[in-house]
Amino acid sequence: MEKGVVLKSTGSRYRVLYGEGKIINCSIKGKLRIKEFRTTNPIAVGDNILFEIDRKTNSGIITEVLDRRNWILRKASNLSKHSQILAANIDQVFLMITIILPETPVEFIDRFLISAEAYRVPAKIIINKTDLYGEDELAKMEYLESIYNKIGYECIRLSLKELTNLEVLRDLMKGKTSLISGNSGVGKTTLLNAFNPLLNLKTAEISDYHKQGKHITTFPEMHQLPFGAFVIDTPGIKGFGVVDMERNEIYHFFREIFGKSKECRFNNCLHLDEPGCAVRSAVEKGEIAFLRYKSYLNIMDGDNGKYR
Ligand SMILES: Nc1nc2c(ncn2[C@@H]2O[C@H](COP(=O)(O)OP(=O)(O)O)[C@@H](O)[C@H]2O)c(=O)[nH]1
Ligand SMILES: [Mg+2]
Ligand SMILES: [Zn+2]
């Protein structure tokens, strides 16, 4: 019996890291079912597993998935009630955004952050492609930084073209398992290549017509970086949805709105147009960013799915 960690899962095949840097392809033994998980994939990237080596085929057979410290789900599809485990056992999540080429919608940021909040995984924001920014973009970047720093989300400026601030990220990632998310084209794969040129992963050229990145790979994959870090790239995933978030608890995951909600007149206040709503008056006074409140309203409107 060997112990390993799942680097990649493509349907029924798993790439597993074990021992001192050895890699083996595994499949699942018979009907391995993980109790309490009604998901379309029983095993996810980041899972710690036990397996047996089949000497004849030099492949592995997974016999057990060890307890997960945490996990992040996404809906298998918009129509499906089932969800998929995107990754397990993560220490932190990074959302990579860009101000231009492509422009990350602000609401996308907030959807990501409330999901991270719901899964209780610390989140940070990487602002990439700073080399492309002119006056307007720099102003917008500073504006976003001021909003997110104020509520406790660290923002890291990055240019993968000029390789600025790479060491800041390296220090944050060292010794941890991080998941990187972000709309396609922002530079997630470029970041992994910058950390470990041996990976030589395929990056996408931004389409001039659509100002959007192309999707190349579709399975999340965990990479081991030379400075002792694991990073999970989530290509083609437009964010992760929180499954089963009740409408009346959405505000719990907007930190500053939740903090302020304790001062609302009614304890079932949804901060829409109730009298005596402390959240609304904080927005009017500028204590809570209007941008964040707008994201909250949009999500309350049920305009979900678009970025999930
Ligand atoms: N100018 C500039 N281009 C970048 C930077 N980072 C990545 N790119 C380019 O953006 C495109 C998309 O990058 P990619 O890593 O494939 O994005 P992903 O979809 O998030 O994995 C590629 O053409 C990269 O060369 C950067 O910091 N500055
Ligand atoms: Mg990519
Ligand atoms: Zn209220």
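**Entry: overall make-up.** I counted seven helices and 13 strands in the protein chain. The chain has 308 residues, and 34% of them count as buried. I then took the contacts between residues at least 6 apart in sequence; 63% of these join residues at least 24 apart.

**Entry: confidence.** The pLDDT of the protein chain averages 87, and 85% of the residues score at least 70. I noted a stretch at residues 207–217 where pLDDT stays under 50; the model has 23 contacts for it beyond four places in sequence. For residues 304–308 the pLDDT is also below 50, with eleven contacts in the model beyond near neighbours in sequence. Where pLDDT is low, the predicted coordinates should not be read in detail.

**Entry: around β5.** I went back to the strand of the opening question. Strand β5 covers residues 59–65 and pairs with β3, residues 22–28, in the parallel sense over three bridges. With β4, residues 48–54, strand β5 runs antiparallel, and six bridges join the two. I checked one of these pairs: Ile 53 has Gly 60 in β5 as its bridge partner. β4 and β5 form a hairpin with four residues between them. In the turn I found Asn 58 with a positive phi of about 55°.

**Entry: Glu 2.** Not counting residues up to four places away in sequence, Glu 2 touches Tyr 18, Phe 51 and Ile 53. Is Glu 2 buried or partly exposed? I put Glu 2 down as partly exposed because 15 other C-beta atoms lie within 10 Å, while a buried residue needs 20 or more.

**Entry: β11.** Next I looked at strand β11, residues 177–181, where five of the five residues are buried. On one side I listed Thr 177, Leu 179 and Ser 181, and on the other Ser 178 and Ile 180; both faces are covered. Strand β8, residues 92–98, runs parallel to β11 and is joined to it by four bridges. Val 93 has Leu 179 as its bridge partner there. Four bridges also join β11 to β13, residues 229–233, again in parallel. In β13, Val 231 stands opposite Ser 178.

Entry: In soluble globular proteins, nonpolar side chains tend to be buried together. I found 64 residues in the largest nonpolar core, and Ala 44, Ala 87 and Leu 95 touch the most other members. Helix α1, residues 106–118, gives the most to this core, with six residues. I listed the contacts of Ala 44, leaving aside neighbours within four places in sequence: Val 6, Ser 9, Trp 71, Ile 85, Leu 86, Ala 87 and Ala 88.

**Entry: ligand 1.** How many residues surround ligand 1? I counted 20, and the closest are Gly 187, Lys 188, Thr 189, Thr 190 and Thr 203. The largest share of the shell, three residues, comes from helix α4, residues 188–195. By class I noted five nonpolar, ten polar and five charged residues in the shell.

Key: Residues are numbered from 1 along each chain as its sequence is written. Chains are lettered from A and ligands numbered from 1 in the order in which they are written. This is a predicted model: local features need pLDDT of at least 70, side-chain atom pairs count only at pLDDT 80 or more; totals for chains, interfaces and linings use all residues. Two strands pair if DSSP finds at least two bridges between them. A residue is near a molecule or strand if its C-beta atom, placed from the backbone, lies within 6 Å of it. Ala, Val, Leu, Ile, Met, Phe, Trp, Tyr, Cys and Pro count as nonpolar, Asp, Glu, Lys and Arg as charged, and the others, Gly among them, as polar. pLDDT is the predictor's confidence in each residue, from 0 to 100. Two residues are in contact if their C-beta atoms, placed from the backbone, lie within 7 Å. A residue is buried if 20 or more other C-beta atoms lie within 10 Å of its own, exposed if 12 or fewer, and partly exposed in between; C-beta atoms are placed from the backbone. A nonpolar core is a set of buried Ala, Val, Leu, Ile, Met, Phe, Trp, Tyr and Cys residues joined through C-beta atoms within 7 Å.
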